[in-house]
Each structure stands twice: as structure tokens, then as C-alpha cells.
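Got the viewer open and ready? Let's take a walk through this one, stop by stop.

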Amino acid sequence: MCKNIIVGQSGGPTAVINGSLYGVVSEGLKHPDKIGHVYGMINGIEGFLHGHMMDIGALAATNELELIRTTPGAYLGSCRYKLPEDLSDPVYPQLFRIFEEQEIGYFFYIGGNDSMDTVSKLSRYAAQIESPIRFIGVPKTIDNDLVETDHTPGYGSAAKYVATTVREIAADATVYDNKQSVTIVEIMGRHAGWLAAASILARKYEGDNPVLIYLPEVAFDQEEFIQKVETALKDTPNLVVCISEGIRDKDGTFICEYSSEVGTDTFGHKMLTGSGKYLENLVKERLGIKVRSIELNVCQRCSCAHLSRVDLDESENAGIYAVLTALSGETGKMINFIRNKSVPYELTYGTADVNLICNQEKTIPLNWITNDGSDISSEFIDYVRPLTQGYVELPTKNGIPLFAYRK
């Protein structure tokens, strides 16, 4: 008997999250002997709870499904809804009643750490009630902080965007070479500095901007920072510094907390902003030179202007492999990436127990950060460069990129 697929997206968008969606839908439609309909949940598990879903498989009859593959953002919409820790909560039987009504046999959730938490809870509840539904997580996050996988879809394109943008910022900063200046670029990364580290790809030669790069993996010392800025200005009068939003001091205090109060999101994470602005004011006060701070903010999440071909292909393959994994009988798993080697770059796909992944964070190895905490090693460059390679030609009309929009 055929069972239906339900697929959803959760958390922040990326440039390639819809590539994974395309992979799930397109592969699901190739198995009519086992799969009936391919449904999409609108606004993740939260929307699904309220009956918001669509027959996304029907888009195969139009060009819309093909457009989804290269459309940035989250076609189905997203949410940041956290399922209760207590599996006896009434929300679980409510969800499984809907699964039964819609004849769901396969559940795919495309997202990051908190999304894998959802897959974990649903698969564990299914085991308790002996439900045959198979639950598979498809990784997604520009933060690249999921454990049990070499990297995550979305990171390669975001890293490419960061490197390209920082290169452009450096070009802008150097047009006036007669006066000293400092430009501080704040890049996303609460506890892991994978994105900020990617700014090293902006360098054309040793000693080029960004000269200083600070990540949350290493304690940030404000006095040492000022000294390094002073020293760097002697050789690079138009200095560019890149920082993760989550840099903190030796006591664990976020640098942004020195200037303002911060709130928390629905998952209890501190909502960080303002580290760059704080350091801008600090340098201005201490050194009395021209300083500006730039916060890349959401622009780095799902810009498709510099879409990585490697990233897009891997995101689609993750969706395809997820369907094949579920059809083989597995559940409670996340698709993971296994790097065989970096030069030439080779990757294989596998699965990992989602219970080992949710609520964990992968940080940059300390040996990839210089001893003084202000720069990145060549080992990181070898790691990240393959993920940013290749360009994608977007479908256009009259020179304007064509995207898919849910009506």
C-alpha cells in the first residue's frame, strides 16, 4: 500500500534549502509504487499542526518545481516552534492523528539543530506507540554547527557570500590611503565561528585584509584587541577586521553585552547584535581614528548572487538520499556528509543517529585558529574552499532571475 510523504522546512533560510526540498520531492515522485502524494507543510511543524499543507508534488506538472531548486529562502515557509520535551504532551497524539488522516508514511524535516530536535522527538514517540512512520532529518544551516557531518548544506554558499562581500568591503576601505581607518565586519555565529572564518578567503596575499579575524571559540581580550589594531595599522592603514557576533571574553560574557541588554529567542538562545558597534566605539575612543562597523545580518543567509554549485548539488543530493534512506526502512536519522578528501574534493553520503545530533554544536577545531586567537590557519582554508566552488546560472526572464513563489 502506498503511503504519502510530508516534507517541511524549519529555522533560518539559506540559499540552497529549496535545493533539498527539490531533492525530496523529485525523488519521491520517482517511486509511485511506494509513495502516493508528496505533501509540503506550510510553515513547518507549527503550520502543520494547524492543517496548513499543500500538494507540492503537483508542481512537477509545471515549471514551478524546477524553479524551486534555485530559489533562495524557504519555499514552504518556516517556523521556530519547539516541540515539548515531555513526550506525553497532548501535541504528540494530535500530530500523529493528522499523520494518520493524511496517510503519511514518510516525514522529512529540512533544518538545523533545533529541527533535528523535532525529528528526534517525533521518532522517539513513534517508537513508543509502534508507529511505522519513518522520520528523517535533512541538514541545513549556514552556521555549519551540526555534529556528525563534515559540513551542512547552506554553509558553502554563505561562506562564498561572506568572502566575496568582505573582499568588496576591503576594496572600498582602501580607496583613501592617506588616513588611517578601521572597518569592523560583524558576521553571524553565536557559538561557532565557521562563517566569520570564511572571510579569510577574501585575502589575495599574506597580510591582506581582513588582517584580524576573531571567533567565539577563543576568549576575546579587549586590551589585546586594541594593541593588535594599533600594530596592524602600521602596515595596513585601512584595516579590515572580521568578528563573529558571538565573541566573548574569558568569563563568557558576550562582547555585545557590554553595550546593551540582549533578549532570548523561543529556544532560549541569546539574540546577539551589536558586537561590531561596540568595538567601533571602543576603537574610536581609544585610538581616535576613523572607524565604521558593518553588520552583514540576514543578507549572508540566503543570497543567491554567489550561489555555490557544490553547495546546491549537495543540498539536492541530501534530499534525494533522505528519500532513499526512508524507503530502505531507516528512521530517526539525519543525512550526513562524509568527506573522503579535499584535493581533489570527494564526498559520500550517509546517515547518523539524530539523537546524537540535536542540541549539540560543532565548533571550529582550536588548531585551526592561531595561538593569539586573531587569525585562521591554512587547514581551515583547505576545508572550506571546495565548498564554495562553482557558479550556478539562474533561470531568467528579461535578465531578471526567476524564482518560485508559493501562492
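We'll begin with the whole chain and then go residue by residue.

**Before you click**

You're looking at a predicted model, where local features need pLDDT of at least 70 and side-chain atom pairs count only at pLDDT 80 or more, while totals for chains, interfaces and linings use all residues. Residues are numbered from 1 along each chain as its sequence is written, and side-chain values use heavy atoms, with hydrogens and water left out.

**Stop 1: the whole chain**

Show the cartoon. You'll find twelve helices and 13 strands; these are DSSP runs numbered from the N terminus, with helices being H or I of at least four residues and strands E of at least two. The C-alpha trace spans about 75 × 50 × 40 Å along its principal axes. Of the 407 residues, 58% are buried, where buried means under 20% relative accessible area, with a 1.4 Å probe and protein chains only. Contact here means heavy atoms within 4.5 Å. Among contacts between residues at least 6 apart in sequence, 76% join residues at least 24 apart.

**Stop 2: Tyr 155 and Trp 194**

Select Tyr 155 and Trp 194. How are their planes arranged in this aromatic pair? The pair is edge-to-face, at 6.4 Å centre to centre and 80° between the planes. For the pairing rule, take rings of Phe, Tyr and Trp (its six-membered ring) with centres within 6.5 Å; planes under 30 degrees apart count as stacked, over 60 as edge-to-face and the rest as tilted. Tyr 155 lies in helix α6 (residues 155–173) and Trp 194 in helix α7 (residues 194–197), so this pair ties together parts that are 39 residues apart in sequence. Tyr 155 counts as buried at 0% relative accessibility, and Trp 194 does too, at 2%.

Now show what surrounds Tyr 155. Leaving out residues up to four places away in sequence, Tyr 155 touches, among others, Thr 141, Asp 311, Phe 380, Tyr 383 and Leu 387.

**Stop 3**

**Stop 4: the core**

Which residues have the most contacts inside the largest nonpolar core? They are Tyr 155 and Phe 380, and this core has 36 residues. A nonpolar core is a set of buried Ala, Val, Leu, Ile, Met, Phe, Trp, Tyr and Cys residues joined through side-chain atoms within 4.5 Å. Colour α6, β6 (181–187), α7, β8 (238–244) and α12: these are the elements that give two or more residues to the core. The largest share, nine residues, comes from α6.

**Stop 5: charges over rings**

Next, select Lys 160 and Tyr 391. The charged end of Lys 160 sits over the ring of Tyr 391, 3.6 Å from its centre. That wording applies if NZ of Lys or CZ of Arg is within 6 Å of the ring centre and within 35 degrees of the ring normal.

**Last stop: a ring cluster**

Finish by selecting Phe 48, Tyr 92, Phe 96, Phe 99, Phe 107, Tyr 109, Tyr 125 and Phe 135, which ring pairs link into a cluster. The structure holds 22 aromatic pairs.

Conventions:
Buried < 20%, exposed > 50% of the residue type's maximum accessible area, 1.4 Å probe, protein only.
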